[in-house]
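Please consider the following sequence and structure.

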Amino acid sequence: MKYVIRAITFLLLTAMSCKKDKLSELEKLPPITQTGAGTFGRLINGKAYTPKGFRFKPNFYMIVDPGYFENLDIRTYRYENDKSERLTIFCYDVLPTPQTYIINNINRIWLIYENESNGCLFLQDSSNYVSGILKISKYNLQSGIIAGEFECKLFHASTSCDTIRITNGRFDYKL
């Protein structure tokens with residue numbers, strides 16, 4: 001009898017140690033920081049997205065031009081199986097202080113999303129419906145740190161692409 005109890009105990013302990021805690025999609029994203037950590041992440045229709053892979057350029061970078069209309073350009077790429085997914089957020093007239101900006105078709109923010117896997121392309125034009133916010137939480141050119149959060153929704157009436165919902169977006173970059 002004691003061998004049966006030992007065998008059952010061993011099996012239970014083995015089964016419990018093999019069970020791995022699965023991360024939620026949100027937990028797969030980098031934390032929200034303002035240190036220049038070089039991180040970017042977002043949920044896209046509920047699935048975690050972080051930059052990955054390489055095709056002749058970095059998979060996450062930012063360009064800031066404070067002398068020419070205060071431009072801010074955020075670009076991310078993900079390459080898997082010879083297909084890319086990219087998101088570009090381009091803003092002009094960005095103030096070097098914490099601010100929240102409205103993303104829409106007629107504002108000063110352009111958003112481009114392309115997914116080669118499913119052929120969906122959303123450009124900043126009148127055939128797309130784009131709404132959302134871009135929150136710059138840290139913009140310090142002396143330290144070279146730009147950090148913030150964003151979310152948006154993209155819809156293209158003339159294609160078969162699903163509505164794209166980007167939530168929990170975050171970035172932290174050191175120039």
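A residue is called buried when its relative accessible area is under 20%, exposed when this area is over 50%, and partly exposed in between, as computed with a 1.4 Å probe on protein chains only. The model is a predicted one, in which local features need pLDDT of at least 70 and side-chain atom pairs count only at pLDDT 80 or more, while totals for chains, interfaces and linings use all residues. Residues are numbered from 1 along each chain as its sequence is written, and side-chain values use heavy atoms, with hydrogens and water left out.

Two loop residues may be taken at the outset. Asp 82 lies in the loop between strand 4 (71-80) and strand 5, where strands are DSSP runs of E with at least two residues, numbered from the N terminus. The phi of Asp 82 is positive, at about 60 degrees, although this residue is not a glycine. With a relative accessible area of 71%, Asp 82 is exposed. Asp 93 has its place in the loop between strand 5 and strand 6 (99-104), and its phi is also positive, near 65 degrees, in a residue other than glycine. Asp 93 counts as partly exposed, at 36% relative accessibility. As background, most residues other than glycine have a negative phi.

Strand 4 includes Asn 71, which counts as buried at 12% relative accessibility. Not counting residues up to four places away in sequence, Asn 71 touches Ile 63, Val 64, Asp 65, Phe 90, Cys 91 and Tyr 92, contact being defined by heavy atoms within 4.5 Å. Cys 91, one of these partners, is buried with a relative accessible area of 1%.

The largest nonpolar core has 35 residues, of which Leu 72, Ile 89, Leu 134 and Phe 171 touch the most other members. Such a core is a set of buried Ala, Val, Leu, Ile, Met, Phe, Trp, Tyr and Cys residues joined through side-chain atoms within 4.5 Å. Leaving aside neighbours within four places in sequence, Ile 89 is in contact with Leu 72, Asp 73, Ile 74, Ile 109, Trp 110, Leu 111, Leu 134 and Phe 150.

Further strand pairing involves strand 11. Strand 1 (residues 39-44) pairs with strand 11 in the antiparallel sense over 5 bridges, and here Leu 43 stands opposite Thr 167. Strand 10 also pairs with strand 11 in the antiparallel sense, over 9 bridges, with Lys 153 opposite Arg 165.

Which cysteines does the disulfide join? Cys 120 is linked to Cys 161, at an S to S distance of 2.1 Å; a disulfide is a pair of cysteine sulfur atoms within 2.5 Å. Cys 120 lies in strand 8 and Cys 161 in the loop between strand 10 (145-156) and strand 11 (164-174), so the pair ties together parts that are 41 residues apart in sequence. The link of Cys 120 and Cys 161 is left-handed, with -115 degrees about the S-S bond, and both cysteines are buried.

Phe 60 and Tyr 173 form an edge-to-face pair, 5.2 Å centre to centre with 80 degrees between the planes. Phe 60 lies in strand 3 and Tyr 173 in strand 11, so this pair ties together parts that are 113 residues apart in sequence. Phe 60 is buried with a relative accessible area of 9%, and Tyr 173 is buried with 16%. Both rings belong to one aromatic cluster, formed by Phe 40, Tyr 49, Phe 60, Phe 150, Phe 171 and Tyr 173.

Methods: Helices (H or I, at least four residues) and strands (E, at least two) are DSSP runs, numbered from the N terminus. Rings of Phe, Tyr and Trp (its six-membered ring) pair if their centres lie within 6.5 Å; planes under 30 degrees apart count as stacked, over 60 as edge-to-face and the rest as tilted. Two strands pair if DSSP finds at least two bridges between them.
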